Amino acid sequence: RPPYPIGRPPARRMNSSRVNRHLAPLILLATLVPYPPAQANVETEPAASLPQLLPLAEPDLAGIDVAVQDALRRGAVELAMLQSNPEVSASQLADAFGELALLYHAHLIREPAEVAYRNAAHLAPNDRRWSYYLGYLMQQSGRLADAAAAYQAALRVQPGWATASLRLGGIELELGRFDRALPLLRRAAEDPLLRGAALYQLGRLFLARRKYAEARQALEAALKITPQSTRLHYPLALTYRALGDLDRAREHIRLRGDAEPAFPDPLIDLLDGLSTGQRMHFHLGMNAAHQRDYTTAAAHFEAGLEMDPDNLDARVSLARFLYLQRADTRAAREQLEWVLQKDERHPSGNFFLGLLHFADGTSDAAASCFTRVLEGEPRHPGALYFLAEIELRAGNFAQAETRYAQFLETTPENSAARLRLLFASILQGRSHRELLHLLREARARHPENPAFRFFLASLLAASRDDDVRNGQRALELAQGLYADLPSQEHTELLAAAYAEAGDFAHAQSLQQQAADLAIALNQWERLPQLTANLDRYKAGEPSRVPWREEGLLFSLPPSSVRKVFRDFPDEKPF
């Protein structure tokens, strides 16, 4: 997954040159979506009798269009006047906070938007809008636990609200809280307008739980409803692979893309257009990028840069969209080189230009770019990771190990980097005791990752170090892997574990199965080692070769430059 959005998650806008004229009907329109009527007296009580509200600090509006600044200042003044009126009702004050929060939200002025939404929700606890908008703001900011709490508050007001159930279910899925996600997503799937998006999330949930038949059913149904949603093909490929249908798995891998199932959301759509000038274009561009519409995103950024040509951060974002739009390396490179002519140490400019060099195979140029990034930001995770990749490609395993370790200090939950660290440690000759420590740490952080279970079981079954081997534990791990997927590798591993545990009859039988599979798959180069271990088991001797070091690097999937262009977070997209 990354699953990180590009830069700041997008917000939607309304034409702010007419904000004052249109904001009141906007709030009124929001109330047309049914929600339960007020049930508490607090909404009609005068403000003077209400509990203390959170203080709303005046934000820094530098760099925001004059028309937007005027609208925000007018809204703040009107709110202050209402707060000073002892006769104002809680519902009036809630609407004023909510209206101002919408403006802040639309322009990604997040801290005051959050405070204003919280005050509005506190003043009008039976108005679902403000908790819902707060949840959306938190979701855009990556604060998933806070978003879940806000959506839960909205659902307490309207328990059967399908759209809120879909958003909350998706968050619970991302947080790994599957038991909470399941009923929410099933409820959302009952709404015909949300069914495709809800089934996609249900399919991902079933896949994570290894319920492959249910995953296939949900994902195929979602694809039938939203055939344009190419992102569905990847989890379908994983599902069919787990079910053993490799032909369908390959077909779905070929068709995979980035378009997720869309769904209507009237409240969020009301935010559309709340901006003006170059920032309007940049915001709309980020919104299009969030929807994976990179052609529209690039067009908006090009229009914004005509008004603000020296906005280097926006030009880096444009380079990303040009690359993602059509893998246009030349146009993206031109934009990044323009940025570095203005500021040779621009971190994002150097990082993404380094990625283009990395993709081209010009490692020296890529390393120079990444090194410049680290001179300004020593803990930049992207630069650390790709410098490690360059060292690994070059066979400099000790240097690669160091870089991966530095990267994991900043991003400890990245299992792909931890696997690469393990391989670098193996290839540079770390002792099996040191590798055992690394694998135990990896298993503790990623208990569901089969790669770490595989290598730990291999080490426990066939290490040359008597103090490292543990046949019984190796057998437990190997049996679990084999039960999940009886592949050639898992069959051979289970044979080694049985041999270490002293059960050579099972070891011989499984090793023969592994050799037969290798022949069936035309993997003739594997036969010498397979038959050598088979002979050892026939002689009553366990294996002492935990893995083939010469094949490790070939088993690593290549790092996807496109994925990084798409998902790497940028604190300043414009």
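What covers the buried residues of α17? Among the cover are α16 (312-326) and α18 (347-360), where helices are DSSP runs of H or I with at least four residues, numbered from the N terminus. The model is predicted, so local features need pLDDT of at least 70 and side-chain atom pairs count only at pLDDT 80 or more, while totals for chains, interfaces and linings use all residues. Residues are numbered from 1 along each chain as its sequence is written, and side-chain values use heavy atoms, with hydrogens and water left out.

Select residues 329-342, helix α17, whose end C-alpha atoms are 20 Å apart, in agreement with the 20 Å that its 14 residues should span at 1.5 Å a residue (the expected span being 1.5 Å times one less than the number of residues). Its buried residues include Ala 332, Leu 336 and Leu 340, buried meaning under 20% relative accessible area, exposed over 50% and partly exposed in between (1.4 Å probe, protein chains only).

Next select Glu 260 and Arg 231, which form a salt bridge with closest N and O atoms 3.1 Å apart; the term requires a side-chain nitrogen of Lys or Arg within 4 Å of a carboxyl oxygen of Asp or Glu. Glu 260 lies in the loop between α12 (246-255) and α13 (266-269) and Arg 231 in the loop between α10 (212-225) and α11, so the pair ties together parts 29 residues apart in sequence. Glu 260 is partly exposed at 41% relative accessibility, whereas Arg 231 is buried at 19%.

Notes:
Helix = DSSP H or I, 4+ residues; strand = E, 2+ residues; numbered from the N terminus. Contact = heavy atoms within 4.5 Å.
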